[in-house]
Amino acid sequence: MSSILIKGGHVVTQNARREIVRADVLIEEGRISKVGAVRDAADEVIDASGDIVIPGLVNAHTHIAMTLMKGIADDLPFGDFLDKVFAADARREDRDIDIGTRLGCLEMIRSGTTTFVDMYYCEDTIAKAVEAAGLRGVLCWAVLDQRFTTQGGVPLENCRRFHSSHKGRKKIIPGIGLQGVYVCSEETFLGAREFALENDLLLHFHLSETRKEVYDHKDLTGKRPVDWLESIGFLGPQCLAAHAAWLTINEVRALARAKASIASCPVSNMKLATGGVAPIPEMLAEGVNVSLGTDGSTTNNSLDMLGEMKTLALLQKSNRWDPTVVRAQQALDFATLNGARAIGLGDVLGSIEAGKLADLVILDGKAPNLRPMLPEHIVSNIVYSANAGNVKTTICEGQVLMRDRHVLSLRESEVLDAAEATAFELLGRK
Ligand SMILES: [Zn+2]
């Protein structure tokens with residue numbers, strides 16, 4: 001593999017001291033080999049003078065193939081929303097999933113995401129498209145009780161098959177996705193956990209997204225979801241819970257005890273008006289690892305992590321009547337270091353330091369919305385002022401996926417045309 005030298009940017013290292021340095025970054029064999037003044041020659045030189053170089057963002061919860069279903073169920077009550085999405089989902093074919101994934105990958109490349117956590121069925125189809133795009137996907141096959149699924153066969157068996165056919169790949173990391181307590185029994189949760197522990201896999205699940213989910217589960221079992229998951233022995237460091245919006249302080253402490261991570265999805269929660277706001281200040285105080293996700297495109301409707309960081313910070317401040325809650329630096333941590341830790345890759349991802357995998361994004365330092373760019377305000381500019389249009393170049397594990405706003409790994413116009421045609425056909429399909 002070739003070497004790449006990124007010259008002269010403001011490098012937001014996200015190292016332990018959160019240093020921002022004017023430096024070059026040398027990439028060799030897919031890893032960052034030097035950060036500083038680099039005189040070595042490289043096969044490819046990218047001039048980033050005056051630009052901002054940040055670690056590739058980690059979207060810790062999405063359903064990428066749903067990108068094609070954007071707009072089909074907006075502005076509806078939650079029950080009607082679910083009916084519409086499930087009906088469209090049941091009509092989906094492999095081709096829809098493939099093109100929806102490619103469209104989502106384009107959007108992520110253009111908005112600075114290099115790693116994402118996905119939960120869906122047909123992750124084998126998704127994996128092919130993600131590999132073509134060159135992104136890193138932690139692809140969690142959806143597991144639920146057989147009586148609730150539209151998947152052919154037994155979901156956990158499908159998940160096992162996906163794992164055995166995809167383990168050991170470079171950027172495709174198989175995981176387990178549990179849809180939620182409303183469709184997964186104790187046996188399903190524990191079967192998934194056993195498989196995860198045997199194979200060192202991420203256990204990703206929806207958790208306490210709506211109040212109804214929490215109280216229905218309490219009616220059924222006598223316990224709130226986190227209390228119940230702790231009581232059956234499910235929780236552990238391999239757990240990444242999406243939403244975690246309706247929690248008591250005891251449940252926050254249970255997640256902290258288990259060393260579990262959460263992925264907050266503020267836009268999705270606000271758009272569906274599910275009412276819960278994840279208790280992020282308490283999670284941070286108790287030591288829960290907080291990461292950030294967009295959720296799928298039927299509930300967001302975008303995969304833009306730059307926008308998601310801002311929304312999370314604003315929602316928390318507004319909800320607490322306290323502007324000091326979730327500072328810009330914390331929001332950036334959620335989308336980088338904490339996301340990497342949530343998927344068990346904290347040692348190799350999430351910051352720009354020698355030895356880490358080369359996941360880097362270059363933001364346009366000439367964009368008016370990012371100026372003035374005083375070093376002490378750069379993080380604030382990234383979280384509160386940046387948008388996807390500022391992303392110039394995206395690199396994942398040393399592979400340049402987009403350079404100077406030209407996507408290199410996918411044929412962009414072909415993907416857009418095919419997505420248009422397929423979405424039109426999907427909507428008309430009965
Ligand atoms: Zn979700």
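Biologist: What am I looking at, and how are residues numbered?

Modeller: A predicted model, in which local features need pLDDT of at least 70, side-chain atom pairs count only at pLDDT 80 or more, and totals for chains, interfaces and linings use all residues. Residues are numbered from 1 along each chain as its sequence is written, and side-chain values use heavy atoms, with hydrogens and water left out.

Biologist: How many helices and strands are there?

Modeller: The protein has 15 helices and 17 strands. Helices (H or I, at least four residues) and strands (E, at least two) are DSSP runs, numbered from the N terminus. The radius of gyration is 21 Å, close to the 22 Å that the globule rule gives for 430 residues, so the protein is as compact as a globular protein of that length. That radius is taken over C-alpha atoms, and the globule rule is 2.2 Å times the number of residues to the power 0.38.

Biologist: What box do the C-alpha atoms fill?

Modeller: Roughly 65 × 45 × 45 Å, taken along the principal axes.

Biologist: How much of the protein is buried?

Modeller: Buried residues are 60% of the 430. Buried means under 20% relative accessible area, exposed means over 50%, and partly exposed is in between (1.4 Å probe, protein chains only).

Biologist: And what share of the contacts joins residues 24 or more positions apart?

Modeller: Among contacts with a separation of 6 or more, such pairs account for 72%. A contact means heavy atoms within 4.5 Å.

Biologist: Let's go to the start of the chain. Which strands pair with β1?

Modeller: One is β2: strand β1 (residues 4-12) and strand β2 (residues 20-28) run antiparallel, with 7 bridges. Two strands count as paired if DSSP finds at least two bridges between them. β1 also pairs in the parallel sense with β4 (residues 44-47) over 4 bridges, and in the parallel sense with β5 (residues 52-55) over 2 bridges.

Biologist: Which residues face Ile4?

Modeller: Ile4 stands opposite Glu44 in β4, and its bridge partner in β2 is Ile27. Next to that, Leu5 has Leu26 as its partner in β2. Towards β5, Val11 is partnered by Val53.

Biologist: Is β1 mostly covered or open?

Modeller: Mostly covered, with 8 of its 9 residues buried.

Biologist: Which other residues have a positive phi without being glycine?

Modeller: Arg18 is one, at about 50°, and His243 is another, at about 85°. Most residues other than glycine have a negative phi, and most peptide bonds are trans. Arg18 lies in the loop between β1 and β2 and is partly exposed, with a relative accessible area of 29%. His243 is in strand β11 (residues 239-243) and counts as buried at 0% relative accessibility.

Biologist: Where are cis peptide bonds found?

Modeller: One runs from Asn300 to Asn301, with omega near 0°; Asn301 is in the loop between β13 (289-292) and α11 (305-320). Another runs from Arg371 to Pro372, with omega near -5°, and Pro372 is in the loop between β14 (360-363) and α14 (378-384).

Biologist: New topic. Which strand pairs with β6?

Modeller: β7 (residues 113-120) does, in the parallel sense over 4 bridges, and Asn59 stands opposite Phe116 there. In β6 (residues 57-62), 6 of its 6 residues are buried.

Biologist: What does Gly137 touch?

Modeller: Not counting residues up to four places away in sequence, Gly137 touches Phe116, Val130, Lys171, Ile172 and Ile173. Gly137 sits in strand β8 (residues 136-143) and is buried at 0% relative accessibility.

Biologist: And is Asp80 buried or partly exposed?

Modeller: Partly exposed, at 41% relative accessibility. Asp80 is in helix α1 (residues 78-90). Asp80 and Val130 are 50 residues apart in sequence and 31 Å apart in space, C-alpha to C-alpha.

Biologist: Which residues of helix α12 are buried?

Modeller: Ala328, Gln329, Gln330, Ala331, Leu332, Asp333, Phe334 and Ala335. That is 8 of the 8 residues in α12 (residues 328-335).
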